[in-house]
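User: I am new to reading protein models and would like to learn how to go through one feature at a time. Could you take me through this one, beginning with the general idea each time?

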Amino acid sequence: MISRIESISGVQTQKYNKIKFKQKDNLSFEARRNEDRHFSQLGKALIEAEKNKPDIINEVSKDTSRNLREEFVNNLYFHLRVPKNKSEDLFWDFLQIDSRSYHNLKHCENMLINKDRYLDIDIFKLHNEPLFNLAIFTHDRYPSVKDSIEYAVNILLESTSKKIKSKSNQDILKRLIKATDHEYDLSNPTREEKLISDLDLYILASNKKEYKAYQNAIRKEYKDIKPIKFYTARLKILENFLKKSSIFKLPFFKENYENLARNNILNEIKDIKIKLTKL
């Protein structure tokens, strides 16, 4: 079936059978080439549609104000079988992240919105979307990835289903959250791990105004750190991104957002170096 993005852009790519997601990323070489061609064409179609038909794109992604409470609770209660009262309690605990300037509810909301937009043009489905959503909600619960993983696993263990809280699901959840720790790359990442990493970094490819707001929010979030220490650490993080062969991991994100992200990072590095000379 041709996606909505393909339809509105007038670009139709060769149809490929949907690939059922498996935890082991074992596509053949030919399948990978087909996937790359598919995403390349879809990426160009998406950019062209956004440029020429913004009203239609807005209709596609009009769900920009989500009821996160309902989404969070339903994800736990209906899909992961966490008791309703416990799910509600966990939401109020989850709300604590909203005191932050960037790693807050809006960040989670943006990841969920972009996940849905991406899956609308995807050729495979998430193996376990409720588990993936739980990882989005919890990956920044604490500044420490280790603490966030422990928090997320404890939520999973609240499930009344032995199958859902199985060791295998715990391991999947741990790796999904680890994938958002961009200081290190996971070995042999699955497609879901690549996707959550790309969704987390999508802000790096935003327009100048949004990127500037992101910079300011990050500085505000770490306002207790002295400027010279903050900017030195930030500079190292950004330079490490540029050392990677690719910031993004999935073909669609590489095709459309890699250069934008690198340009934004280069500009921020210039700004930081100027600030450091004045400190």
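Analyst: We begin with a term for exposure: a residue is called buried under 20% relative accessible area, exposed over 50%, and partly exposed in between. Please keep in mind that this is a predicted model. By that rule Arg 81, with a relative accessible area of 49%, is partly exposed.

User: What is the phi of Arg 81, and where does the residue lie?

Analyst: As a general idea, most residues other than glycine have a negative phi. Arg 81 has a positive phi of about 60 degrees although it is not a glycine, and its place is the loop between α4 (68-79) and α5 (84-94). Asn 188 also has a positive phi, near 50 degrees, and this residue lies in the loop between α9 (167-178) and α10, where Asn 188 is exposed, with a relative accessible area of 72%.

User: How should I read a salt bridge within one helix, such as that of Lys 167 and Asp 171?

Analyst: An α-helix has 3.6 residues a turn, so residues three or four places apart point the same way. Lys 167 and Asp 171 are 4 residues apart in helix α9, which separates them by about one helical turn, and their closest N and O atoms are 3.1 Å apart in the salt bridge. Lys 167 is exposed at 54% relative accessible area, whereas Asp 171 is partly exposed at 30%.

User: Which helices hold Glu 268 and Arg 234, and are these two residues buried or exposed?

Analyst: Glu 268 lies in helix α13 and Arg 234 in helix α12, so their pair ties together parts that are 34 residues apart in sequence. Both are buried, Glu 268 with a relative accessible area of 4% and Arg 234 with 9%. The closest N and O atoms of this salt bridge are 2.9 Å apart. In another part of the model, Lys 115, Asp 116 and Glu 129 are joined into one network by salt bridges that share partners.

User: How do I look for a pocket, and what lines the largest pocket here?

Analyst: Rolling a probe the size of a water molecule over the atoms shows where empty space is left. In this model the largest pocket holds about 1000 Å³ of space, and 30 residues line it, the closest to its centre being His 103, Thr 180, Asp 181, Tyr 222 and Ile 237. Helix α12 gives the largest share of that lining, 7 residues, and by class the lining has 14 nonpolar, 7 polar and 9 charged residues.

Conventions: Residues are numbered from 1 along each chain as its sequence is written. This is a predicted model: local features need pLDDT of at least 70, side-chain atom pairs count only at pLDDT 80 or more; totals for chains, interfaces and linings use all residues. Side-chain values use heavy atoms; hydrogens and water are left out. On a 1 Å grid over the protein atoms alone, a cavity is a set of points where a 1.4 Å probe fits but cannot get out, and a pocket is an open set with protein on both sides within 12 Å along at least five of seven lines; lining residues have an atom within 4 Å of a point. Grid points are joined across faces, edges and corners, and a volume is the space filled by probe spheres set on the points. Ala, Val, Leu, Ile, Met, Phe, Trp, Tyr, Cys and Pro count as nonpolar, Asp, Glu, Lys and Arg as charged, and the others, Gly among them, as polar. Buried means under 20% relative accessible area, exposed over 50%, partly exposed in between (1.4 Å probe, protein chains only). A salt bridge is a side-chain nitrogen of Lys or Arg within 4 Å of a carboxyl oxygen of Asp or Glu.
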